[in-house]
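Colleague: I have some questions about the labels used for this model. Take me through them one at a time.

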Amino acid sequence: MDENTGLITSKLMENSKKYFIETYGCEMNKSDSVDIALSFEEQGYKRASGGDDADIVILNTCAVRKNAEERIFGRLGYYRSLRKTSEKNTVIVVAGCMAQEKGTEITRLFPEIGVVTGTYHCLDIPQCVEKYEKKGKSLIAVDRKDYTFSSYKGERAEGYKAWVSIIKGCSNYCSYCIVPYLRGPEASKKSDDILQEVKDLVSNGVVEVNLLGQNVNAYGKDNDEISFIRLLEKINGIEGLKWIRFLTSHPKDFNEEMIKRISDLPKVCKHFHLPVQSGSDRILSLMNRKYTIRHYRTLIEAIRKYIPCASITTDIIAGFPTESDGDFEKTLNIVRSFQYDDAFTYRYSERPFTKAADIREKVHPDTSKKRLEELIALQRNISYEKNRKAIGTRKKVLVERKSKKDTSEFLCKTETNKMVVVKTEAPIGGFIDVVINDISGNTLRGIEAQ
Ligand code: SF4
């Protein structure tokens, strides 16, 4: 869960009511929460310091894994009792993927919910709340329509950085994933709008943009726009912008030529997140990932060849249906071979609507738990060794925020997406050079270079 989204905004109308957003799940949801916040501020609502202080609480939900849903149900239980015990008649809004998935089912379980808005309606929430308050009857908006990208552009700046959604939805139908059913097919934003948005953000003080999509490499394929790499080249040319990140890349839509062209773009950060999901071609085929380990290996080799200093991270699922010991051994082998900087590892989680849910031969939960632990331990050692080798090296970092543990320290990020803790006088959003002198857990520690 993220803290309530904080925004630079010059808006607008007077309204004494306060909103609070809890965000679950992926970066796309975090970006949607920025739009939701702006849509409330446009109507004059103020940001509350927490859910207990808010007139309207929005849970921007995730449905990718079952445990995310369970956490959200826990929070709904909390807000239900808050409504009973406090004088405030807090309006509870459930938005995002779980809202799209469950629709009326959530209001049956929690009749206290005022508004349910699915993935196509994140910009309509203030209007839905207004209607609900007038009628006093739960309002459910989960119908599908054409995606509207927010018009807030420069106002989406969150200090020195901003998310920029370039493509919404997903047309890949990986067999374990519910996202295409909830967010619909890929829909790319117009490149002129993206470029204008980035220029506006830069004039609002943004130095780093993070281009977002479920599959950024598919950008432009649905509407004959320029390609993703051409878009990167154009954004790289925007004056005043320092760093560009992007998330997530699908290996099937990536190739050596694209990596070579990225290596010529100095503003594109040297970090690739390339979800591999499994080391077994048989499992990849069952997952409907549409690439083989041979193809994936060519991408890793191209990154190492053209951008040797780049970091590479991945996602891996342990215990996909029918995964044998041999399949899992192949996953361990590619982790050893590719030497990822980090990996986000999960146990397979069965989701409704998906093809994998119909595969009868499931992996026993004890086995998938054991495999996940083995994977985590292996990756932890690799990450530790990589971090240890970074000691003594000099890095340019962006100062991101004050440390909560020690307010004289700041959390800074390298181009390769590694966190470095540094004592510095530099302002948040500024760049400094540091020398790495220690590691703690997965975090590097450094001192400012002279
Ligand atoms: S690429 Fe696959 S895993 Fe990613 S959102 Fe699309 S269907 Fe889900």
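Modeller: Start with Ile-166. Leaving aside neighbours within four places in sequence, Ile-166 is in contact with Phe-149, Ala-187, Ser-188, Lys-189, Ile-194, Leu-211, Leu-212, Val-216, Tyr-219, Phe-228 and Leu-231. Bear in mind that the model is predicted.

Colleague: What makes these count as contacts of Ile-166?

Modeller: The cut-off is heavy atoms within 4.5 Å. The listed residues meet it.

Colleague: Which residues touch the most other members of the largest nonpolar core?

Modeller: Ile-166, Leu-211, Leu-232 and Ile-235. That core has 69 residues. Its largest share, six residues, comes from helix 11 (residues 293-306). Apart from it lies another core, of 20 residues, including Val-57 and Ile-92.

Colleague: Why is the pair of Phe-40 and Tyr-45 called edge-to-face?

Modeller: The ring centres are 5.0 Å apart and the planes stand at 85°. Pairing needs centres within 6.5 Å, and edge-to-face needs an angle over 60 degrees. Both tests are passed, so the label is edge-to-face. Phe-40 and Tyr-45 are both buried.

Colleague: How do you know that Tyr-176 and Phe-320 form an aromatic pair?

Modeller: Their centres are 6.4 Å apart, and the limit is 6.5 Å. The planes are at 85°, again edge-to-face. This pair links distant parts of the chain, 144 residues apart. Tyr-176 sits in the loop between strand 8 (167-168) and helix 6 (179-183). Phe-320 sits in the loop between strand 13 (311-318) and helix 12 (325-338).

Colleague: Why is Tyr-176 called buried?

Modeller: Its relative accessible area is 13%. Buried means under 20%, so Tyr-176 qualifies. Phe-320, at 0%, counts as buried too.

Colleague: How many aromatic pairs does a search of the whole structure find?

Modeller: It finds 16. There is also an aromatic cluster, made of Phe-228, Phe-246, Phe-254 and Phe-272.

Colleague: What places Arg-65 over the face of Tyr-346?

Modeller: Arg-65 is at 3.7 Å from the ring centre. The distance limit is 6 Å, and the charge must also be within 35 degrees of the ring normal. Lys-396 lies over the face of Phe-431 in turn, at 4.9 Å from the ring centre.

Colleague: Which residues surround the ligand?

Modeller: Tyr-176 is one of them. Others include Cys-170, Cys-174, Cys-177, Gln-214, His-250 and Arg-289. The shell divides into seven nonpolar, three polar and one charged.

Definitions and conventions: Residues numbered from 1 in each chain as written. Predicted model: local features only at pLDDT ≥ 70, side-chain atom pairs only at ≥ 80, totals over all residues. Heavy atoms only, no water. Phe/Tyr/Trp six-rings, centres within 6.5 Å; stacked < 30°, edge-to-face > 60°. Buried < 20%, exposed > 50% of the residue type's maximum accessible area, 1.4 Å probe, protein only. Helix = DSSP H or I, 4+ residues; strand = E, 2+ residues; numbered from the N terminus. Core = buried A, V, L, I, M, F, W, Y, C linked by side-chain atoms within 4.5 Å. Near = heavy atom within 4 Å. Nonpolar A, V, L, I, M, F, W, Y, C, P; charged D, E, K, R; others polar.
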